[in-house]
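Here are my notes for your review. Please read them alongside the structure.

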Amino acid sequence: PFVEAGTASALGALLIIILGGLIFHRIGSPLVEQIETALAGLIHTQRLAQVGSWEWDMASDLVRWSDETYRILGRDPDQNDLGFDDFMETVHPDDQTRVRESIEAAVDGTVTYAHDRRIVRPDGTERIVHGQGEVVYDGQGRPARMTGTIQDVTDRRQAEDALRDSEGRYRSLVELSPMPVIVHRNGVFLYANSAAADLVGVSSA
């Protein structure tokens, strides 16, 4: 399951703002400790789910990533002042046009921003991530920023691909088997390999 687009980012930003103000006003208060605990819990939850959050301020072209987003993308969390072009550099070259077009369509209000894409880490490692987000508009109805989430789905996609390959190999073995193979349920025939079809004089399916 994916975290709702923008939820983690908005919560993180809100907690950071509140935390900064409270620390300045009253260091060591119980409320500050509670917020610090909540922030730590948010970071831990993102790490376990391999879900990071992000925010793109369109006016300043500043992109803010959560710690987990930096980890997923293989970037240094100390790297600040990131822009849209820095984000695009993380995208696999063959996917960049599609990703850029999907962002532009989301900003135009044409479609929802949600897709899978490949990323390339600085060490050359490729991963598959699912990204989704939403556009936030200002008081005049103009797009002001985007917030969203990113999740590393590489392991899941590889497992799905392996399962499909395994099913394909099994089906090929059954189909080419010289022994008749028939699959039925409650008296209804669902499948017959070529040998079984030839035996009863029907076509295989």
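1. A polar contact here is a pair of N or O atoms within 3.5 Å; within protein, one must be able to donate a hydrogen and the other to accept it. The model is predicted. In it, the side chains of Ser194 and Glu175 make such a contact, at 2.3 Å.

2. Where does Ser194 sit? Its place is in helix 7, residues 194–200. Ser194 has 28% relative accessibility, so it counts as partly exposed. Val174 lies 20 residues from Ser194 in sequence. The C-alpha to C-alpha distance between Ser194 and Val174 is 8.9 Å.

3. Now the overall layout. The chain has seven helices and seven strands. From the N terminus on, their order is α-α-β-β-α-α-α-β-β-β-α-β-β-α.

4. On burial and surface: the chain has 205 residues, and 35% of them are buried. Its accessible surface is about 12800 Å². Carbon and sulfur atoms hold 55% of that surface. Of the contacts with a separation of 6 or more, 43% join residues 24 or more positions apart.

5. How many aromatic pairs does the structure hold? There are four. One of them joins Trp65 and Tyr70, edge-to-face, with 5.1 Å centre to centre and 70° between the planes. Trp65 and Tyr70 are both buried. Phe84 and Phe87 have ring centres 5.9 Å apart and planes at 50°, so this pair is tilted.

6. Phe84 and Phe87 are both buried too. They are three residues apart in helix 4 (residues 84–89), so about one helical turn separates them. Ring pairs also bring in Trp56, making a cluster of Trp56, Phe84 and Phe87.

How values were computed
Residues are numbered from 1 along each chain as its sequence is written. This is a predicted model: local features need pLDDT of at least 70, side-chain atom pairs count only at pLDDT 80 or more; totals for chains, interfaces and linings use all residues. Side-chain values use heavy atoms; hydrogens and water are left out. Helices (H or I, at least four residues) and strands (E, at least two) are DSSP runs, numbered from the N terminus. Buried means under 20% relative accessible area, exposed over 50%, partly exposed in between (1.4 Å probe, protein chains only). Contact means heavy atoms within 4.5 Å. Accessible areas come from the Shrake-Rupley method with a 1.4 Å probe; for residues, only the protein chains shown count as cover. Rings of Phe, Tyr and Trp (its six-membered ring) pair if their centres lie within 6.5 Å; planes under 30 degrees apart count as stacked, over 60 as edge-to-face and the rest as tilted.
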